[in-house]
Amino acid sequence: MAIKPLGDRIVISIIDDAEKTSGGIFIPDSAKEKPQKGKVEAIGAGKTLDNGEREPMDVKVGDVILYAKYSGTDVKVDDKEYKILSIKDVLAIIE
């Protein structure tokens, strides 16, 4: 991975859900909701606390997460699209 997030940030690859409904109807790009699921590709060292220690991150590389709808910054590296998020934008880990 060519991106190394700093502090309490993570890098995810976005997971697009199915492009058609359970009834077989295809959904055009203009009608799709923004994806909110992604796979953690890299994590930062964690937030630095007042006492100088690092707060441990709640996620690890490989976790599949749900994140806030309009959060993060989209980046493209080597023709792959990623999103850089703050750990506070992660809502849940999907198991």
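Me: A salt bridge is a side-chain nitrogen of Lys or Arg within 4 Å of a carboxyl oxygen of Asp or Glu. How many salt bridges does the structure hold?

Reply: Happy to start there: this is a predicted model, where local features need pLDDT of at least 70, side-chain atom pairs count only at pLDDT 80 or more, and totals for chains, interfaces and linings use all residues. Residues are numbered from 1 along each chain as its sequence is written, and side-chain values use heavy atoms, with hydrogens and water left out. Side chains of opposite charge can pair when their charged atoms come close. The number of salt bridges in this structure is two.

Me: Is lysine 83 buried or exposed?

Reply: Lysine 83 meets aspartate 74 in a salt bridge, 2.9 Å from N to O. Buried means under 20% relative accessible area, exposed over 50%, and partly exposed in between (1.4 Å probe, protein chains only). Aspartate 74, at 51%, counts as exposed. Lysine 83 has a relative accessible area of 4%, so it is buried.

Me: And what is the relative accessibility of aspartate 63?

Reply: Aspartate 63 has a salt-bridge partner in lysine 60, at 3.1 Å from N to O. That lysine 60 is exposed, with 52% relative accessible area. Aspartate 63, in turn, counts as buried, its relative accessibility being 11%.

Me: Which strands stand at the edges of the sheet?

Reply: Strands are DSSP runs (E, at least two residues) numbered from the N terminus, and two strands pair if DSSP finds at least two bridges between them. Six strands form an open sheet with antiparallel pairing, in the order β4-β5-β1-β2-β3-β6. Two strands have a single partner each, so one side of each lacks a neighbour in the sheet: β4 (73-77) and β6.

Me: In β6, which residue is the bridge partner of valine 64?

Reply: Strand β3 (residues 64-67) pairs with β6 in the antiparallel sense over four bridges. Strand β6 covers residues 90-94. Within β6, valine 64 has as its bridge partner isoleucine 94.

Me: What area does the nonpolar surface patch of Leu66, Leu91 and Ile94 have?

Reply: Patches are made of residues with over 30% relative accessible area and no salt bridge, joining like charges within 9 Å and nonpolar side chains (Val, Leu, Ile, Met, Phe, Trp, Tyr) within 5 Å. Isoleucine 94 is partly exposed at 34%. Accessible areas come from the Shrake-Rupley method with a 1.4 Å probe, and for residues only the protein chains shown count as cover. For the patch made by Leu66, Leu91 and Ile94, the area is about 250 Å².
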